[in-house]
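Here is a walk through the metal sites, strands and ring contacts of one protein model. Keep the 3D view open as you read.

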Amino acid sequence: MSSKKPIKASGRRKVGPSRQLREGLIIATAALSGCEGIQSTLTPRGPAAESIARINWIMFWGATAILLLVMTLALYAVYRHPRKRRPISGNGMIVTGGVILPLVALSALLIYGTHGMSNLRHEPYEGALRTMRIEVVGNQWWWDVYYWIGDQGTNVITANEIHIPAGFPVAISVRSNDVIHSFWVPSLAGKIDLVPGKSNRILLQADRPGVFRGQCAEFCGAQHARMALFVVAESPHTFATWLAKQRLPDSTPVHPILQRGQDAFVANGCLECHTIRGLGKAKLRGPDLTHVGDRLFLAAGSIKNNPANLAKIIAHSQFVKPGSAMPSFTELDSDTLQSIAAYLWSLK
Ligand code: HEC
Ligand SMILES: [Cu+2]
């Protein structure tokens, strides 16, 4: 009789929690594996992101230590033998645990945290500015990217994709054409707001070549979730080659289909909103398409860039990104649509 009870009890204790624990571990592993990759504060790939990750871990382990301390004290108070219990002196405990400890911990954190915001400081930014400034402008719901080099004006304009030389701090200035957006490339740096009528700045640095995903981090309307961007960090040589190519205007189409695409682009009023240098300048605002074929994604990270998706965004923009300022051109016949897509794809 006496042997029955313990077996049952221990059996229940064993099966219950260990199964929960296993399930918990599976869920945690699945969730944490989502933290790896091209858009994660937990996989820092640049100095600013590294210092943010460091502060994050300091706070995590600090909070864990405090939680353990408080829980130990609470358990001690609960399970201490009743006869040994006695009231503890109030004042000493309150002053130490309630005033001195938070004051010291939070002040240290504040000083350390402020020190970690080095990529927002003036001097390194001024230093980086001497070589180049990349201006990122927020629109509902896509990003303009202008390259300002030396004293010359810019003739390099892209959208939703920023190329930078790896290993160098790059000065980024940001502003907005409409509402408040927020520029955030988690693997490389912290966030900076794009505020209408104001210019903000941030330093971006990738230690090694790679592609990193960024995201608008301030709710800015219906398609806020489809307002992503990509940072392509390349070796300085590759970057210089890319930049030189971007400076060139649109080249004259060599193939009849491409020529047909270019004619259709003009005839259908695409130049109202899209600039193609060498072909025409937009009156309204839409992404610069001079080298659109070179981009990884279309419509701010919504779909991969390829001829099929180019045709898709032209004919069904309002399906891909409902509410965006790009109208759907559903009336284009298939041949015309394919030729425009082929022409845009050829703009490398
Ligand atoms: C009324 C302005 C307007 C007109 C006219 C217009 N577009 Fe657009 N287009 C936009 C805007 C704005 C976007 C950005 C949409 C977004 O990502 O939110 C865009 C995006 C695009 C993109 C994706 C570019 C990228 O880098 O993501 C392509 C390609 C494109 N348009 C092609 C065309 C073609 C071809 C025509 C003519 C048949 C055309 N557009 C007419 C405003 C316009
Ligand atoms: Cu936004």
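Along the sequence, the residues that donate to the copper ion (ligand 2) follow the spacing H-x34-C-x3-C-x6-M. In this predicted model, those donors are His-181 through ND1, Cys-216 through SG, Cys-220 through SG and Met-227 through SD, at 2.1 to 2.6 Å from the copper ion (ligand 2). The angles among the 4 donor atoms run from 92 to 124 degrees, and the site of the copper ion (ligand 2) is tetrahedral. His-181 belongs to strand S6 (residues 181-184), while Cys-220 sits in the loop between strand S9 (210-216) and S10, so this pair ties together parts that are 39 residues apart in sequence. His-181 and Cys-220 are both buried.

Now to the strands. An open sheet of 5 strands is ordered S3-S2-S1-S5-S8, and its pairing is mixed. Strand S3 (156-159) and strand S8 (200-204) are the edge strands, each pairing on one side only. From one strand to the next, the twist averages 25 degrees.

Strand S1 (residues 132-139) and strand S5 (residues 170-176) run parallel and are joined by 6 bridges. Across that pairing, Arg-133 stands opposite Ala-171 in S5, and Glu-135 stands opposite Ser-173 in S5. S5 and S8 run antiparallel, with 5 bridges joining them, and here Val-170 stands opposite Leu-204 in S8. Of the 7 residues of S5, 6 are buried, so S5 is largely enclosed by the rest of the structure.

Strand S4 (residues 161-165) has 5 of its 5 residues buried, so S4 too is largely enclosed by the rest of the structure. S4 pairs with strand S10 (residues 228-234) in the parallel sense over 5 bridges, and Ile-164 stands opposite Ala-233 in S10.

Next come the aromatic rings. A pair of such rings is described by the distance of the centres and the angle of the planes. The model has 7 aromatic pairs, and two of them are set out here.

| Aromatic pair | Centre to centre | Angle between planes | Arrangement |
|---|---|---|---|
| Trp-57 and Phe-60 | 5.6 Å | 85 degrees | edge-to-face |
| Phe-265 and Tyr-343 | 6.2 Å | 65 degrees | edge-to-face |

Why do both rows read edge-to-face? The planes of Trp-57 and Phe-60 stand at 85 degrees and those of Phe-265 and Tyr-343 at 65 degrees, and the cut-off for this class is over 60.

Trp-57 and Phe-60 are 3 residues apart in helix H2 (residues 47-79), which means they are separated by about one helical turn. Trp-57 is partly exposed, at 40% relative accessible area, and Phe-60 is also partly exposed, at 39%. Together with Trp-61, these two residues form one aromatic cluster.

Phe-265 lies in helix H6 (residues 256-267) and Tyr-343 in helix H8 (residues 334-345), so their pair ties together parts that are 78 residues apart in sequence. Phe-265 is buried, with a relative accessible area of 1%, and Tyr-343 counts as buried at 1% relative accessibility.

Rings also meet charged groups here. The charged end of Lys-191 sits over the ring of Trp-184, 4.5 Å from the ring centre. Likewise, the charged end of Arg-201 sits over the ring of Tyr-125, 4.9 Å from the ring centre.

Definitions and conventions: Residues are numbered from 1 along each chain as its sequence is written. Chains are lettered from A and ligands numbered from 1 in the order in which they are written. This is a predicted model: local features need pLDDT of at least 70, side-chain atom pairs count only at pLDDT 80 or more; totals for chains, interfaces and linings use all residues. Side-chain values use heavy atoms; hydrogens and water are left out. Rings of Phe, Tyr and Trp (its six-membered ring) pair if their centres lie within 6.5 Å; planes under 30 degrees apart count as stacked, over 60 as edge-to-face and the rest as tilted. Helices (H or I, at least four residues) and strands (E, at least two) are DSSP runs, numbered from the N terminus. Buried means under 20% relative accessible area, exposed over 50%, partly exposed in between (1.4 Å probe, protein chains only). A charge sits over a ring if NZ of Lys or CZ of Arg is within 6 Å of the ring centre and within 35 degrees of the ring normal. Two strands pair if DSSP finds at least two bridges between them. Axes are lines fitted to C-alpha atoms, for helices over the stretch in contact, and angles run from 0 to 180 degrees between N-to-C directions. Donors are N, O and S atoms within 2.8 Å of the metal (3.2 Å for Na, K and Ca); water is not among the atoms, so sites may look incomplete. Four donors count as tetrahedral if all angles lie between 85 and 135 degrees; four count as square planar and six as octahedral if opposite donors are over 155 degrees apart and all others between 65 and 115; anything else is irregular.
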